[in-house]
Amino acid sequence: MIGWVQNVLVELLEEVGGAELRDRVFALAGVPEGTRYRMDRNYSDEEVHRLLAATAEATGMDADAMNEAYGRAFLAKSKRMFPKFFDDIRSSRDLLYRQASIHRSLGAGLRDPAERETVAKKFVVNEDGNDLVVDYQSQNGMCGLYRKMANIIADEHGERIVVTSERCAKRDGGPVQCRFRLHWPDADRG
């Protein structure tokens with residue numbers, strides 16, 4: 001997983017509980033103190049899961065609350081660091097349609113071509129009328145975060161969205177690919 005994900009988490013920990021919380025989470029996760037996550041490096045999904053589990057233990061937050069806090073922090077930091085990604089965005093649909101190409105561009109800094117290709121294939125977005133169909137291929141099992149992010153993005157645009165898991169690797173016990181249908185019910189009225 002690209003270091004951006006961990007970088008956002010570390011910043012959120014520091015904002016919520018300072019260096020003390022960050023260091024406690026690192027210790028619980030078995031991450032060396034002082035670790036700095038880089039954008040041009042891919043880190044193991046297993047390490048990310050240890051960090052998330054340690055964050056839950058240290059804060060007492062459940063998965064939904066963590067996804068909410070992380071999703072809002074991720075979006076806010078992304079807007080600060082990469083404002084061009086958000087140029088000309090008129091709706092949540094615009095942003096979620098572009099999300100796959102944004103993700104690919106973040107992975108472009110990885111040095112290993114195989115890692116870049118894995119990042120490039122993680123999200124595929126197709127249009128189906130006004131809906132978007134998103135194939136999410138990942139072994140990291142963070143589909144709950146994707147669903148939460150879609151809702152946060154819609155909320156920030158004052159829109160309603162219905163996110164349906166048509167296929168879920170965690171729920172269905174199948175391959176590592178999830179499929180989401182993103183539907184904007186108010187678009188049906190227009």
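Accessible areas come from the Shrake-Rupley method with a 1.4 Å probe, and for residues only the protein chains shown count as cover. The accessible surface of the chain comes to about 10,100 Å², and carbon and sulfur atoms hold 50% of that surface.

This is a predicted model, in which local features need pLDDT of at least 70 and side-chain atom pairs count only at pLDDT 80 or more, while totals for chains, interfaces and linings use all residues. Residues are numbered from 1 along each chain as its sequence is written, and side-chain values use heavy atoms, with hydrogens and water left out.

The chain has seven helices and four strands. Helices (H or I, at least four residues) and strands (E, at least two) are DSSP runs, numbered from the N terminus. Along the sequence their pattern is α-α-α-α-α-β-β-α-β-α-β.

The C-alpha atoms of the chain fill a box of roughly 55 × 35 × 35 Å along the principal axes. Of the 190 residues, 43% are buried; buried means under 20% relative accessible area, exposed over 50%, and partly exposed in between (1.4 Å probe, protein chains only). Contact means heavy atoms within 4.5 Å. Among contacts between residues at least 6 apart in sequence, 62% join residues at least 24 apart.

Glu11 is found in helix H1 and is partly exposed, with a relative accessible area of 22%. Leaving aside neighbours within four places in sequence, Glu11 is in contact with Lys77 and Arg80. Gly30 is found in the loop between helix H1 (3–29) and helix H2 (45–59). Gly30 counts as exposed because its relative accessibility is 53%.

The aromatic residues come next. Rings of Phe, Tyr and Trp (its six-membered ring) pair if their centres lie within 6.5 Å; planes under 30 degrees apart count as stacked, over 60 as edge-to-face and the rest as tilted. By this rule there are 10 aromatic pairs. One of them is the edge-to-face pair of Trp4 and Phe74, at 6.4 Å centre to centre and 70° between the planes. Trp4 lies in helix H1 and Phe74 in helix H3 (residues 63–81), so this pair ties together parts that are 70 residues apart in sequence. Trp4 is buried at 5% relative accessibility, whereas Phe74 is partly exposed at 21%. Trp4 and Phe74 also belong to one aromatic cluster with Tyr70, Phe82 and Phe85.
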